[in-house]
Amino acid sequence: MNYRITKGLDLKIAGAAEDNPLPLMPSAHVYVRPSDFRWLTPKLLVQQGDVMQVGTPLFCDKKDERVVFVSPVEGRVEEVVRGEKRVIEAITITCEKDAATEKTVDFEEPLDAESTRKLLLTYGLWPCLRQRPFSVIPSPEAQPKALFIPCFDSHPLAPDFNILLRGKEDQFLYGLKMLQRAAGDVPTHLCVREGAENQLFEKAENVQKHYFSGPHPVGNVGTHIHLIAPLDKDETVWYADPQDIARIGEFFLHHRLCFQKMAALTGSAVKRAGSFSTIYGADLSSLLVDNLTQENVRIISGNVLRGNALKQYLTLGFYDRQITVIPEGGKREILGWLLPGLKKWSLSRTFLAWLTPKRIYEVNTSLHGGRRAVMMTDVYDKVFPFDLMPLQLLKACEIKDIEQMEALGIYEVDSEDFALCELVCPSKKDWQRIVEEALFEL
């Protein structure tokens with residue numbers, strides 16, 4: 001089936017990754033962060049000095065100890081880093097240059113959903129799955145109403161899945177088959193971009209293929225769910241990243257447990273953008289050595305719309321597939337509002353840059369305005385493709401009016417669906433944080 005959205009925005013910014021590999025030095029440390037998993041309360045299973053193998057459990061979900069998170073490398077636990085109130089911020093693992101990054105596992109081929117789920121849980125692959133609503137790891141007993149596979153990413157500077165999955169085609173197809181087995185007898189929706197190179201995804205069997213076109217957020221799984229199978233209060237759907245599906249396929253097809261993935265280095269503040277192969281949690285500092293255009297930059301795990309700024313550990317988040325580096329803003333311009341702004345992006349025609357619609361912009365982290373009370377405006381409707389009322393829903397989220405949120409469709413959305421609303425907001429509100437906090441109250 002074909003879907004075309006007209007409400008949205010493609011942010012054209014500099015720093016796209018070319019199809020060229022970047023060298024990455026072996027990492028002497030690996031940092032596994034529980035904060036990569038939304039609302040997780042970790043229970044520590046290791047101590048400082050413990051020897052790790054690939055697949056050794058590091059911590060589990062305190063609410064359900066069957067959901068474990070394992071070591072991606074062979075090494076030794078150097079430190080358990082704790083923050084305020086002794087919250088576990090990271091588990092630091094020291095590894096040698098020739099340390100193993102994969103492990104051969106012996107098991108019998110699972111024949112039903114229960115045995116498949118048990119293997120995914122035992123070897124730390126269950127976190128590859130997430131559910132809507134809430135974008136959290138699903139319960140092992142959950143029965144979704146559908147399985148969604150978003151096969152393209154429309155975020156700014158997002159890498160192409162054809163590059164990320166190169167050499168992993170068979171693993172992806174087999175992983176999809178096993179994921180369908182784990183989900184049970186539910187429809188599988190494969191969402192691809194219309195007109196793109198979809199040879200790999202066209203080979204998938206026993207799936208419903210949907211073709212999407214239009215501006216961002218056309219690639220968001222929330223958009224796909226809203227258009228194909230909208231959610232009610234007590235319903236859930238599962239979704240997974242194609243690279244995580246390939247990891248599951250590697251496990252079941254070749255009996256190898258490996259947490260390696262491809263990602264992209266992007267952004268206008270890097271001299272050489274491109275793709276690289278890494279292990280989850282590995283230190284990526286060597287990517288930026290002699291590769292920055294200036295000193296004062298912000299390094300983001302993910303994209304500029306919804307990624308997390310990296311301060312202490314330069315690592316790739318578990319669900320992220322790009323590192324974005326852009327200049328820090330904050331510089332004031334003398335009479336900047338009087339200048340024609342030929343190189344300044346604006347949703348409206350505030351600056352004359354709209355006369356060159358194909359211009360690529362170099363963005364920074366400046367807000368270009370101060371935070372203020374919510375303004376009554378229709379600007380959100382221009383970039384929000386859901387059949388909902390975004391302004392009213394956001395106001396209900398800010399005051400945490402649960403009845404009003406439910407009436408306005410809170411279960412159909414997540415924080416990432418409001419990233420563009422945050423970008424164009426005249427009040428400079430942190431809508432993604434506000435929506436996530438509101439979802440936590442449900």
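Which residue in E7 stands opposite Val 51? I looked it up: Arg 76 does.

**Ground rules**

I am working on a predicted model, where local features need pLDDT of at least 70, side-chain atom pairs count only at pLDDT 80 or more, and totals for chains, interfaces and linings use all residues. Numbering starts from 1 along each chain as its sequence is written, and side-chain values use heavy atoms, with hydrogens and water left out. I take helices (H or I, at least four residues) and strands (E, at least two) as DSSP runs, numbered from the N terminus. I call two strands paired if DSSP finds at least two bridges between them.

**Entry: E4, E7 and E8**

I began with strand E4, residues 51–52. Two bridges join E4 to strand E7 (residues 75–82), and the two run antiparallel. I then followed E7 to strand E8, residues 88–94. That pairing is also antiparallel, over six bridges. I noted one of the partners: Val 80 bridges to Ile 91 in E8. The hairpin of E7 and E8 has five residues between the strands. There, Lys 85 takes a positive phi near 60°.

**Entry: the E3-E5-E6 sheet**

Next I traced an open sheet of three strands in the order E3-E5-E6, with antiparallel pairing. Strand E3 (42–44) and strand E6 (64–70) are the edges; each has a single partner strand, so one side of each lacks a neighbour in the sheet. The twist averages 35° from one strand to the next. For such angles, axes are lines fitted to C-alpha atoms (for helices over the stretch in contact), and values run from 0 to 180 degrees between N-to-C directions. Strand E5 (residues 57–61) is joined to E6 by four antiparallel bridges. Asp 61 has Asp 64 in E6 as its bridge partner.

**Entry: salt bridges**

I searched the whole structure and found 23 salt bridges. The criterion is a side-chain nitrogen of Lys or Arg within 4 Å of a carboxyl oxygen of Asp or Glu. For burial I use relative accessible area: buried is under 20%, exposed over 50%, partly exposed in between (1.4 Å probe, protein chains only).

Asp 64 turned up again, in a salt bridge with Arg 66 (2.8 Å, N to O). Asp 64 is buried at 16%, whereas Arg 66 is partly exposed at 39%.

Which side chain does Lys 145 meet in a salt bridge? I found Glu 235, at 3.1 Å, N to O. The pair links distant parts of the chain, 90 residues apart. Lys 145 sits in the loop between strand E10 (130–132) and strand E11 (147–150). Glu 235 sits in the loop between helix H5 (221–228) and strand E14 (237–239). Lys 145 is partly exposed at 29%, and Glu 235 is partly exposed at 27%.

I then checked Lys 429 and Glu 398, whose closest N and O atoms are 2.6 Å apart. Lys 429 is buried at 17%; Glu 398 is partly exposed at 30%.

I also logged a network of salt bridges linking Glu 102, Lys 168, Glu 250 and Arg 256.
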